Every structure is written in structure tokens, then in C-alpha cells.
Amino acid sequence: MTPPHLSQYERDGFLVLPNFVNAEACDALRARAETMVRDFDPNGLISIFSTREQTRTSDDYFLESGDKIRFFFEENAFNPDGTLKQAKEESINKIGHALHDLDPTFDEFSRTPELKQLVDDLGLRHPLLLQSMYIFKQPRIGGEVTCHQDATFLYTEPLRLVGLWFALEDATIENGCLWAIPGGHKLGLKSRFMRARGGGTRVEILDDKPWPEEKVQPLEVKKGTLIVLHPLLPHLSRENRSAKSRHAYTLHIIDASVDYPAGNWLQRSADMPARGFA
Ligand code: FE2
């Protein structure tokens, strides 16, 4: 990272780095994710969506996923009777949240000297790779992700978090690229998403002013681009109604020196603590 990179990150709250990853590495990750989906048996999960226990069981499936590899469907994947509208391969929204620790292909992609250096340049001297997600943004049914800050979901005190977003395919307005509010990271944290006492989750509102969404800009990028996201940057992505997918991989890294609250939704079991780049 050059000084201009760092000042741009400070000014805008994000940084676009084209050609950070080569095409072969993108394709290897894609092939691995596709194999995982092919091997995944959705029957047990589909039942979650067709029982009255829906909220509780789907909450548990999500809340326990911090140190596992789990599959999450697109919201629009189902017919009213609980069957899938499209093939399984075109119905998964994302895989999360410990791919980088549990799968060798993801481990290799996530723990490179280039990434270690980049995170160090951003001031994370004792990095811990906390969360990974493979996001499919499926053709036709790829869901919207509303405007948010990553620190809402992964809060640390002090705030020492970096989000890395890798385009594994070209991302365009048509297939649901990222959008961001440049400089919006200076507006402060709006909310926290936390575990609720007694189960489930809750949102604590810290500032209820709406986002200045008229300032949002599309980040159309080529395959292999890395977008570095400040934890307070407001960003979103729109629905994908096109016939093209928009695969991306995200990694969230914190510093070991900060306090990681027990109220954060993502928790790792004691026998599988978050690790650095080694
Ligand atoms: Fe995000």
C-alpha cells in the first residue's frame, strides 16, 4: 500500500485494487465453492423453511455458523410449498462463515503474503481472520443487501476491523455490484446487530438518521479486483435480475489487541479460536 492508497482509504472509506488476485486463483475458489454446493444435501435445511419452528431453527443455524461451513439460501429461492424454484446450484445465497479455516482451498486464498502485508499496512499488527463468506448473487433471484456498515455486525472496541471484498467475476450494475457512499465512514456507527438475551438476535439503534443514499456510487470492477472496506463505510448491493451470476468472496479481519464483545452474533468455540496468517 502506497501513501496515496492510504490517504484515499482515509478519505473515501474504501479502496479499489484491480488485478490484486489472478484469474486462476479466482477460478480455483469458484470451482471449490461449486463442488461444495454440489456435495451439500439441502433436504434437512429446506425443512427449516417449512415448519413452524422456522425462526428459531434458522436463527440457530445462523448463530452457530461462526466456526463452521454452512449454506444459506436466497430469500426468493422457495415456492410457497417449500420446494426450490431453481436448481440447488442456483439457489444458494452464500456459504459462511469459517471457510478460511476449514477448507484448504479457501485457506490458501485467504492467507497470502500480499494480504498479510496489506492488512499490516492498514495498521492491524496482530491480525485475526474472523469471518469469510462466499457470495453467489445468483442470476434472476440474487437478493438485495440493504445499506449497512460492517461494524454493525462485527463490532470491536476500539474499532479495528477491515473488510476485504474480492470480485471472482466482473461485477457490474447489471449483475448487482457493490455500491458505497464515499466518505460515509465519517458519519459514525448507526446500529449494532447482536445476540439477544434468551436467544435470537436484536438490533440496537445508535443513530436513526437515514443514509444520504443520493450519494451512493456503483463500484463496477473486473474479476480479480480487491475492494478494501472501512468498517464504518455505508455500502449495499442491489438485486441481481440479470442472467449472470456475480460471485464474490469476502474476508473480515480484526486485530487481536481489541475487545471482541460476547454480544456479537459471530462467536467461535474455545477449541477453534480465530487465527492470523500463519
Ligand atoms: Fe458488508
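## Iron site

The donor residues of the iron ion follow the spacing H-x1-D-x84-H in sequence; donors are N, O and S atoms within 2.8 Å of the metal (3.2 Å for Na, K and Ca), and since water is not among the atoms, sites may look incomplete. In this predicted model, His148 (NE2), Asp150 (OD) and His235 (NE2) coordinate the iron ion at 2.2 Å. Asp150 in helix H8 (residues 150–153) and His235 in strand S12 (residues 235–237) are 85 residues apart, a pair that links distant parts of the chain. Helices (H or I, at least four residues) and strands (E, at least two) are DSSP runs, numbered from the N terminus.

Asp150 has 9% relative accessibility and counts as buried, and His235 is buried at 5%. Buried means under 20% relative accessible area, with exposed over 50% and partly exposed in between (1.4 Å probe, protein chains only).

## Sheet

Seven strands form an open sheet with antiparallel pairing, in the order S1-S11-S6-S13-S4-S3-S2; two strands pair if DSSP finds at least two bridges between them.

Strand S4 (residues 127–135) pairs with strand S13 (residues 248–255) in the antiparallel sense over 8 bridges. Ile254 in S13 is the bridge partner of Leu128.

## Basis

Residues are numbered from 1 along each chain as its sequence is written. Local features need pLDDT of at least 70 and side-chain atom pairs count only at pLDDT 80 or more, while totals for chains, interfaces and linings use all residues; side-chain values use heavy atoms, leaving out hydrogens and water.
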